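Colleague: I am new to this model. Please take a close look at one part for me: how many salt bridges does the structure hold, and what surrounds them?

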Amino acid sequence: MVLKLKHSNKAIIGLGDSFTQGQGACSTELCEKYDWNVRNVSEEDLWVYHNECYENSWVAQLCKNHLI
């Protein structure tokens with residue numbers, strides 16, 4: 001996907017490592033379900049885990065809370 005930004009648009013580019021990606025930023029409920037060991041997340045919860053991590057990353061939170 002190619003984004004065309006105008007001068008008036010706001011954009012955030014988050015560069016970094018797994019912390020920036022949101023690794024480990026899943027919900028408390030999901031962590032408790034797997035006894036706080038997210039390496040044991042089942043195949044059926046894998047999409048939920050990754051989605052929660054992306055949505056809870058600092059970049060997504062910054063956009064959600066300050067740009068929208």
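**The salt bridge and its surroundings**

Modeller: The structure holds one salt bridge. The term means a side-chain nitrogen of Lys or Arg within 4 Å of a carboxyl oxygen of Asp or Glu. Lys 33 and Asp 45 are the partners, and their closest N and O atoms are 2.7 Å apart. This pair links distant parts of the chain, 12 residues apart: Lys 33 belongs to helix H2 (residues 28–33), Asp 45 to helix H3 (residues 43–55). Helices here are DSSP runs of H or I with at least four residues, numbered from the N terminus.

A word on the basis. This is a predicted model, where local features need pLDDT of at least 70 and side-chain atom pairs count only at pLDDT 80 or more, while totals for chains, interfaces and linings use all residues. Residues are numbered from 1 along each chain as its sequence is written, and side-chain values use heavy atoms, leaving out hydrogens and water.

Are the two partners buried or exposed? Buried means under 20% relative accessible area, exposed over 50%, partly exposed in between (1.4 Å probe, protein chains only). Lys 33 counts as exposed because its relative accessibility is 52%. Asp 45 is at 9%, so it counts as buried.

Now follow the loop between H2 and H3. Asp 35 lies there. Its phi is positive, about 55 degrees, although Asp 35 is not a glycine. Trp 36 is in the loop between H2 and H3 too, and its phi is near 65 degrees, again positive in a residue other than glycine. Most residues other than glycine have a negative phi. Asp 35 has a relative accessible area of 63%, so it is exposed. Trp 36 is exposed as well, at 56%.

Next, the cysteines. A disulfide is a covalent bond between the sulfur atoms of two cysteines. The cut-off here is a pair of cysteine sulfur atoms within 2.5 Å. The structure holds zero disulfides. Cys 53 is in none; its nearest cysteine sulfur, that of Cys 26, is 5.0 Å away. Cys 53 counts as buried because its relative accessibility is 1%. Cys 63 is in no disulfide either, with the nearest cysteine sulfur, that of Cys 53, 17 Å away. Cys 63 is at 22%, so it counts as partly exposed.

Note on methods: Helix = DSSP H or I, 4+ residues; strand = E, 2+ residues; numbered from the N terminus.
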